[in-house]
Amino acid sequence: MAISRRQFLTAGAALGIAGFMLKPDDKGLPHNRYFSKLNEQLRNHGDFVPTMLIDLDKVDANITQLKTIMNSNTDLRIVAKSVPSPQLLDYLLKNTNTNKLMLFHQPFLSHIAEHYPHSDVLLGKPMPVKAAENFYHQLSSETTFNPKQQLQWLIDSELRLQQYLALAKSLNQHCKINIEIDVGLHRGGLQHPKQLDPLNKIIATNPKHLSFAGFMGYDPHIVKIPSIVKSPQQAYEESQTIYKSFINRLYELNPEYKNQKLCFNGAGSPSILMHKDKTVANELAAGSCFVKPTDFDIPSLTTFAPAAYIATPILKKIQGVQLPAIEFAKEIIPLWDPNTQRTYFIYGGKWLAKYESPKGLQANPLFGTSTNQEIVNGSINTKLDVDDHIFLRPTQSEAVFLQFDGLVTLRNKKIDQKWSILSQS
Ligand SMILES: Cc1ncc(COP(=O)(O)O)c(C=O)c1O
């Protein structure tokens, strides 16, 4: 079938319009005042290596915010993995007035026992019994940290409880046991209140080596379920009903526990607001909300401010975008996408992080990624030069902070101190 000249022109025009509509806008902007100030600070006083910045003024604002949205009948337990720096932990413990920590890593636990002898620790995940044994072996005789009173091991099954009982007997230790319950997240733990019975029996018959300390029911799913399936309020109420059913069973089995101070741990940054008016928990856990990585850009945390940024210098600046084997397209690609008018190579890369400033920076999937010197494209309006810094926001703090040898704190947008990172070994 022959195509008429008219049909050809119409199709061409349609393609042209579609292409025009798909053509990317220029998203580039220079650093705003805040990041210009940080860039200036780093140009004048920085180390010119990838740096994890913590803005303490914003951390302060997040502390105030957390106090506003916390249920006033609950204690705060700080999730150390999300703020893994000894000085940052000190700062948060002091300014939130708590000594409670949630830990997820045996080396961190050993560090905390030695350096925070007054802390009250709850494990946030069940430690393999061998890791627990290592903890006891590594516990310094100098420390006043007393695991018998200050440490709750998290137990998710009868088998694991048997392992801990055997460990306690072999070390002539006493272990406080907190039981993980599944309040709807389905990440393990007891699913039915009746499953408590055999664990309760093991604890009750071994008072020399074990004691019951409480429950941990983590519920971030309640704000993440699509609202078409369930509203956060409905999901919250359901998770609370499940939590309550475990407490009821516990009290049926051990009425004397009603008069004891047990630990009913709940929440996490995403869901902490849901607990504000009424909760069965008597303590709530949070960590990430103090620094707010991008995974925490969620409706329940809109009033919190990002406080952690990766800053890294620009090593090289190139006009256009030059790709191996298609060098001829260097000036053509930017005609289509103005956000490729400039190519920058930055110091480091491939972090779990998103470009934050200047606006309009983007990766180049055709060139690929690099942990050593990553390519970044942006329009002419990004106005960057070699030795300027770009800023990224980590998607999470727990893994990303550990990739840096310290945190550089900011006060009034000025470099203040260098804080260390918790040791991984
Ligand atoms: C058991 C438990 N509680 C609380 C939290 C909350 O931590 P964050 O406030 O950093 O999200 C977590 C995070 O993984 C967790 O696993």
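The tour visits some salt bridges, then a cavity.

This is a predicted model, where local features need pLDDT of at least 70 and side-chain atom pairs count only at pLDDT 80 or more, while totals for chains, interfaces and linings use all residues. Residues are numbered from 1 along each chain as its sequence is written, and side-chain values use heavy atoms, with hydrogens and water left out.

Start by selecting R43 and D388: their side chains meet in a salt bridge, 2.7 Å from N to O (a side-chain nitrogen of Lys or Arg within 4 Å of a carboxyl oxygen of Asp or Glu). R43 sits in helix 2 (residues 33–45) and D388 in the loop between strand 13 (373–378) and strand 14 (389–394), 345 residues apart. Helices (H or I, at least four residues) and strands (E, at least two) are DSSP runs, numbered from the N terminus.

Is D388 buried or exposed? It counts as buried, at 9% relative accessibility, while R43 is partly exposed at 37%. Buried means under 20% relative accessible area, exposed over 50%, and partly exposed in between (1.4 Å probe, protein chains only).

Next, pick K81 and E398, another salt bridge, with the closest N and O atoms 2.8 Å apart. Then select D75, R77, K100, D120 and E283, which are linked in a network of salt bridges. The structure holds 18 salt bridges.

Last stop: select E180, I181, D182, V183, L185, H186, R187, G188, M216 and Y218, which line the largest cavity.

Definitions and conventions
On a 1 Å grid over the protein atoms alone, a cavity is a set of points where a 1.4 Å probe fits but cannot get out, and a pocket is an open set with protein on both sides within 12 Å along at least five of seven lines; lining residues have an atom within 4 Å of a point.
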